[in-house]
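Here is a friendly briefing to read alongside the sequence and the model. It goes through the spaces, the sheet and the aromatic contacts in turn.

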Amino acid sequence: MIKVLSCCTLLLALIVSAAQPSVAQRHKKGWKLVWHDEFRYKGLPNPKKWSYETGHIRNQEQQYYTTARQENAWVQNGVLTITGRKEPYPNAAFTPGSNDWKQQHAEAQYTSASINTLGKGEWKYGRVEVRAKLPQGAGIWPAIWMMGVNRSEVGWPYCGEIDILEFVGNQPDEIYGTVHYPGTPPQRSTSNGGKIKVKDLHNAFQVYAMEWDEEKIDIYFNDQKFHTFQLNEAGEEEGNPFRKPFYLLINLAMGASWPGPIDDQVLPQEYVIDYVRVYQQRK
């Protein structure tokens with residue numbers, strides 16, 4: 001009886017699963033897949049799709065982003081794993097006597113990776129969807145986000161920023177979705193965001209997504225929309241950054257003021273990415 005019941009239960013589950021498409025399948029209707037990485041290979045992230053940030057980059061974060069180093073970014077068994085580690089690592093930008101926090105220390109004490117599509121993938125409007133399992137612990141700060149491709153020309157925040165996911169380990173049941181753009185002088189930047197409470201984010205894969213069109217940006221956790229931003233809030237003129245192409249970044253930061261001090265006891269931590277997909281609306 002137990003075996004028969006198990007088979008029947010399995011068959012019923014398969015029927016229900018077939019009748020109820022996955023999150024990704026549901027959103028394919030009306031959308032065209034224009035760029036993706038399913039990570040069905042072994043090795044470093046595909047260099048035709050991904051570049052790296054290198055060194056100490058922003059926010060006085062403590063990690064040193066490494067380039068093409070398998071200890072920090074590696075694809076195997078159908079997933080990309082970005083690993084944050086406690087380890088000494090030489091700082092290529094070290095300058096004795098410098099007052100710049102990026103150059104003050106000969107060695108960093110933490111390593112991680114930040115990959116992006118700058119120069120290899122950029123989009124104006126569409127749906128970005130990432131299935132990921134988050135790391136955990138004090139000081140941990142994984143993100144999925146986008147910036148305008150004109151960042152090197154105009155700087156931040158004038159290039160705009162779309163945070164599809166931000167998570168900090170000292171707030172283990174909350175995820176954030178936020179946009180950043182130029183503020184009204186003398187304010188340098190303005191933020192507009194939302195958050196959602198979710199349990200056990202590090203125990204299972206979830207889908208983090210953003211849909212962006214000529215009018216608004218919607219940010220999703222699985223099927224649940226938890227924040228909407230109207231583009232005109234950033235201005236109706238040509239200078240509105242959200243009416244220009246953006247590129248994608250995925251990184252695991254550690255330390256800095258928001259996530260707080262790093263708990264070395266939780267390291268290493270793994271940020272696991274199952275897939276990255278970019279869609280645009282069919283015409």
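**Spaces, strands and rings**

The largest cavity holds about 30 Å³ of space. This is a predicted model, in which local features need pLDDT of at least 70 and side-chain atom pairs count only at pLDDT 80 or more, while totals for chains, interfaces and linings use all residues. Residues are numbered from 1 along each chain as its sequence is written, and side-chain values use heavy atoms, with hydrogens and water left out.

**Cavity**

- The structure has one cavity of 30 Å³ or more; on a 1 Å grid over the protein atoms alone, a cavity is a set of points where a 1.4 Å probe fits but cannot get out, and lining residues have an atom within 4 Å of a point.
- A volume is the space filled by probe spheres set on the grid points, which are joined across faces, edges and corners.
- Among the residues lining the largest cavity are Trp123, Tyr125, Met146, Trp212 and Val278.
- β8 (126-133) and β13 (206-212) each supply at least two residues of this lining, and the largest share, three residues, comes from β8.
- By class, the lining of the largest cavity has seven nonpolar residues, one polar and one charged (Ala, Val, Leu, Ile, Met, Phe, Trp, Tyr, Cys and Pro count as nonpolar, Asp, Glu, Lys and Arg as charged, and the others, Gly among them, as polar).

**Largest pocket**

- The largest pocket holds about 440 Å³ of space; a pocket is an open set of points with protein on both sides within 12 Å along at least five of seven lines.
- Its lining has 20 residues, and the closest to the pocket centre are Arg58, Asn59, Trp145, Trp156 and Glu161.
- β9, β10, β11 and β16 each give at least two residues to the lining of the largest pocket, with the largest share, four residues, coming from β9.
- Nine nonpolar, four polar and seven charged residues make up the lining of the largest pocket.

**Sheet**

- Seven strands form an open, antiparallel sheet in the order β2-β7-β16-β9-β10-β11-β12; strands are DSSP runs (E, at least two residues) numbered from the N terminus, and two of them pair if DSSP finds at least two bridges between them.
- β2 (51-52) and β12 (189-197) each have a single partner strand, so one side of each is left without a neighbour in the sheet.
- β10 (residues 161-166) and β11 (residues 174-182) pair in the antiparallel sense over four bridges, and isoleucine 162 has valine 179 in β11 as its bridge partner.

**Aromatic contacts**

- There are 13 aromatic pairs in the structure; rings of Phe, Tyr and Trp (its six-membered ring) pair if their centres lie within 6.5 Å, with planes under 30 degrees apart counted as stacked, over 60 as edge-to-face and the rest as tilted.
- Tyrosine 64 and tyrosine 89 form a tilted pair, because their ring centres are 5.4 Å apart and their planes stand at 40 degrees.
- Tyrosine 64 is buried at 5% relative accessible area, whereas tyrosine 89 is partly exposed at 23% (buried means under 20%, exposed over 50%, partly exposed in between, with a 1.4 Å probe and protein chains only).
- Tryptophan 141 and tryptophan 258 pair edge-to-face, 5.6 Å centre to centre with 85 degrees between the planes.
- Tryptophan 141 lies in β9 (residues 140-148) and tryptophan 258 in the loop between β16 (246-254) and β17 (269-281), so this pair ties together parts that are 117 residues apart in sequence.
- Tyr125, Tyr181, Trp212, Phe229, Phe242 and Phe246 form one aromatic cluster.
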